[in-house]
Amino acid sequence: MRDTRTAVILANSHEKRWRWELQGEMLLQRVRRILEGFFDRVLVVAPDPAPFRALGLEAVADEYPEARLLGAITTGLQHVQSLHAVVVGADMPFLNRRVIRHLYGLRRGWDVVVPRGKEGFEPLCAVYAKTCVAAMEERIRRGNLKVLDLISEVRTRIVGRDDLEVLDPAGLAFRNVHTPADLDACRLHLARLRGFGPPAVSFVAKSGTGKTTLLEKVIRELTRRGYRVGTIKHDAHRFEIDHEGKDSWRLTRAGASPMVISSAEKLAMVHPNGRGEMTLEEIIYRFMTETDIVLTEGYKTGTLPKIEVHRAARSPELLCAAPDGRLLDHRLIAVVSDAALDLPVPVLPLDDPGPVCDFLEARFLTGS
């Protein structure tokens, strides 16, 4: 059997995420373009192959749609002539060619080559041998559809995080786009790479520490230095700036989204969160790309780099670091405190915004 290099893209023709665009390119087309530079054949597996064939793609119908991911992988392997195939999702815009080539290069002697990233095993960016088909079909007949169960029972080569971090320093190779917010986060990442997306940092603290007071001083100093600073404050409670009976309230209630109020002094936007609270990345991409830096207040569990504000009289303990100095949150980049702390990140004075601004400037704003 001739071992031509083959890649299989799994797509759901009933869901339209694969049609979403990033930089004017459909996600599916982006995935295919990334693969075509290395693989001789790229095959799409979908419940309905017609939309993909209309785009000039080779596509086959999923023969086991009720078996979800396992069924789609099985179908793909049944339709390839190569001994192995790389299987990926259609909604993975940051597939990394170096990662894929490395995985494929390890295939000989293994039934599965699967990476283990930060979120665990990644069966949707893995190499599968055609010899797995019989075991997959048997599992489908028994109703055991967990791909990870299959991986644990066949000859599997696991590629660990150390190797992956060297090949994919940004850690984006396995990112999926499941929601419009995910898509906005990808757009923000690309905007930053192109040089006009703003960096963003979350200031976090226990209540009563003086976080807002510090932020006020930092914003004033950064503004004095000539930077455009955007801020986002997280409110865990409901708030209302659009009061009942006002014209703006009536327009919003009628369905306007967004509704903007403009005057010579300021502009305000009311944007109802009909599908749930926006992510930080979504807010930044949609509303703050013209700023030099975005500072957020709160978002303790968010994904942005964090600066913790600490006041010894409020609490001897930190949110993001243990008493022995170990970091509890790998996103922590600095602590602003009135105490002497032994930490693996910079500790900046609480009573002077200057060093905090110097740190932000050096880390995020050089060249702005």
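Which are the buried residues of helix 1? They are Leu-27, Leu-28, Gln-29, Arg-30, Val-31, Ile-34 and Leu-35, where buried means under 20% relative accessible area, exposed means over 50% and partly exposed lies in between, with a 1.4 Å probe and protein chains only. The structure is a predicted model, in which local features need pLDDT of at least 70 and side-chain atom pairs count only at pLDDT 80 or more, while totals for chains, interfaces and linings use all residues. Residues are numbered from 1 along each chain as its sequence is written, and side-chain values use heavy atoms, with hydrogens and water left out.

**Overall composition**

- The secondary structure of the chain comes to twelve helices and 18 strands, these being DSSP runs numbered from the N terminus (H or I, at least four residues, for helices; E, at least two, for strands).
- Of the 368 residues in the chain, 48% are buried.
- Among contacts in the chain with a separation of 6 or more, 68% come from residues 24 or more positions apart, a contact being heavy atoms within 4.5 Å.

- Helix 1 (residues 27–36) is largely enclosed by the rest of the structure, because seven of its ten residues are buried.
- Ala-50 belongs to helix 2 (residues 50–53) and counts as partly exposed at 41% relative accessibility; its C-alpha atom is separated by 8.8 Å from that of Ala-61, eleven residues apart along the chain.
- Arg-68 belongs to helix 3 (residues 68–78) and counts as exposed at 58% relative accessibility, and its phi is near 55°, a positive value in a residue other than glycine. Most residues other than glycine have a negative phi.

- Strand 6 (residues 84–89) runs antiparallel to strand 9 and is joined to it by five bridges, with Val-86 standing opposite Val-127; two strands pair if DSSP finds at least two bridges between them.
- Strand 7 (residues 112–117) is also antiparallel to strand 9, through two bridges, and here Val-112 stands opposite Tyr-128.

**Salt bridges**

- A search of the whole structure finds 21 salt bridges, each being a side-chain nitrogen of Lys or Arg within 4 Å of a carboxyl oxygen of Asp or Glu.
- Glu-25 forms a salt bridge with Arg-33, with the closest N and O atoms 2.9 Å apart, and Arg-33 is partly exposed at a relative accessible area of 39%.
- Arg-139 and Glu-153 meet in a salt bridge at 2.6 Å, N to O; because Arg-139 lies in helix 5 (residues 133–142) and Glu-153 in helix 6 (residues 147–153), the pair ties together parts that are 14 residues apart in sequence. Arg-139 counts as buried at 2% relative accessibility, whereas Glu-153 counts as exposed at 59%.

**Asp-168**

- Asp-168 is found in the loop between helix 7 (161–167) and helix 8 (180–194), and, not counting residues up to four places away in sequence, it touches Asn-96, Val-99 and Ala-173.
- Although buried, Asp-168 has no salt bridge, and the nearest side chain of opposite charge, Arg-98, is 8.0 Å away; Lys and Arg count as positive and Asp and Glu as negative, with His and the chain ends not counted.
- The side chain of Asp-168 reaches the backbone nitrogen of Ala-173 at 3.0 Å.

Conventions
Polar contact = N/O pair within 3.5 Å; in protein donor to acceptor, adjacent residues only side chain to side chain.
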